[in-house]
Amino acid sequence: SSSIKPPPMPSPLRFSKFFQSSMRILVTGGAGFIGSHLVDKLMENEKNEPLLVEVDQIYHLACPASPIFYKYNPVKTIKTNVIGTLNMLGLAKRVGARILLTSTSEVYGDPLIHPQTESYWGNANPIGVRSCYDEGKRVAETLMFDYHRQYGIEIRIARIFNTYGPRMNIDDGRVVSNFICKHNEPLTVQAPGTQTRSFCYVSDMVDGLIRLMEGENTGSINIGNPGEFTMLELAETVKELINPDVEITMVENTPDDPRQRKPDITKAKELLGWEPKIKLRNGLPLMEDDFRLRLGVPRRK
Ligand code: UDP
Ligand code: UDP
């Protein structure tokens, strides 16, 4: 539109990654876990020429996502979610780009319906230690929709459920990486161990995000694997597949830990033609190979 101004020179957005072809795409959080896989996939179809600022698509991933990290500096977490998303929306508005936010299953809080559908408004504690993340993402979704309604920005919102796979930080602190990086130390299941999560392999996640960006549906849309496990079942599975001799111990939990989490992915199936392909039992060994390589631990015979 005529209100689009030329980019300022030099660009203030040097922290981000730009790739040029017929399509210019900005990925915030492109050096992170899911972001780095997304950039790999996007690069398969793109020449790698740095570009300063004008873009057609923005994948806005930037935000710490592991509870130990987002709770470590909650003020920074909420600033990233609120100010970071506001700035990316300002950029999208100025250049007329389509913007995709990676939101989270945490917007459902400690959910009272199961599995979680997108129409559920959630059960989140606004003043708890997880609020910087879950309320932060809820505000980020609100900002996305307000920019959409008020300025006609093209938005896409993915509600990401627990994701795992190669390249996750060894010290990420989330449950799958914690269990895989322990060789002979016990697997620490946080009490009561009956709480559930549903784990999506990273290549499935990235395919879902790209389909959402390219498709015609604004969202919010759950992207996750509906295969649900209790933390005790996860520990048993890791023990069976990775180290039959490892011990499993119960340790104390942290406040506000959601008791159950499983995506209803009817919308993703119908609207995006997407569903995950990789089962936990097949994905865990792929992650294990990557962790062994990085930790220099040889494969078990
Ligand atoms: N913004 C940005 N890059 C841009 C355009 C805008 O970071 O290319 C920031 C801008 O500084 C502002 C935010 O995005 O803080 C929201 O922009 P908007 O135009 O909606 O708000 P305004 O600048 O009118 O307050
Ligand atoms: N958890 C666990 N042992 C660990 C780390 C986490 O049993 O070493 C549990 C935690 O209590 C929660 C679930 O695993 O119920 C998932 O926690 P995580 O930090 O991986 O991510 P979340 O889904 O809570 O963001």
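The largest nonpolar core of the chain has 66 residues, and those with the most contacts inside it are I58, I99 and L209. Such a core is a set of buried Ala, Val, Leu, Ile, Met, Phe, Trp, Tyr and Cys residues joined through C-beta atoms within 7 Å, where a residue is called buried if 20 or more other C-beta atoms lie within 10 Å of its own, exposed if 12 or fewer, and partly exposed in between, with C-beta atoms placed from the backbone. When residues up to four places away in sequence are left aside, L209 touches L38, Y59, L100, A158 and I223; two residues are in contact if their C-beta atoms, placed from the backbone, lie within 7 Å.

The model is a predicted one, in which local features need pLDDT of at least 70 and side-chain atom pairs count only at pLDDT 80 or more, while totals for chains, interfaces and linings use all residues. Residues are numbered from 1 along each chain as its sequence is written, chains are lettered from A, and ligands are numbered from 1 in the order in which they are written.

The chain contains nine helices and twelve strands, these being DSSP runs numbered from the N terminus (helices H or I, at least four residues; strands E, at least two). The radius of gyration of the chain is 19 Å, which agrees with the value near 19 Å for a compact globule of 301 residues; the radius is taken over C-alpha atoms, and the globule rule is 2.2 Å times the number of residues to the power 0.38. Along the principal axes, the C-alpha atoms fill a box of roughly 65 × 40 × 40 Å. Of the 301 residues, 43% are buried, and among contacts between residues at least 6 apart in sequence, 82% join residues at least 24 apart.

Two ligands are considered next. Ligand 2 is surrounded by 13 residues, of which the closest are R174, V175, N178, Q190 and M231; a residue is taken as near a molecule if its C-beta atom, placed from the backbone, lies within 6 Å of it. Both α5 (175–181) and β7 (187–190) supply at least two residues of this shell, and the largest share, three residues, comes from β7. By class, the shell around ligand 2 has four nonpolar, six polar and three charged residues, with Ala, Val, Leu, Ile, Met, Phe, Trp, Tyr, Cys and Pro counted as nonpolar, Asp, Glu, Lys and Arg as charged, and the others, Gly among them, as polar. Around ligand 1 are L86, N87, G90, L91, K93 and R94, a shell with two nonpolar, two polar and two charged residues.

Several loops carry backbone features. A cis peptide bond with omega of about 5 degrees joins A191 and P192, and P192 lies in the loop between β7 and β8 (196–198). A cis peptide bond also joins G219 and S220, with omega about 5 degrees, and S220 is placed in the loop between α6 (202–214) and β10 (221–223). R167, although not a glycine, has a positive phi of about 85 degrees; R167 belongs to the loop between β6 (163–164) and α5 and counts as partly exposed because 16 C-beta neighbours lie inside 10 Å.

P64 is located in the loop between β3 (57–60) and α2 (67–72) and counts as buried, since it has 20 C-beta neighbours inside 10 Å.
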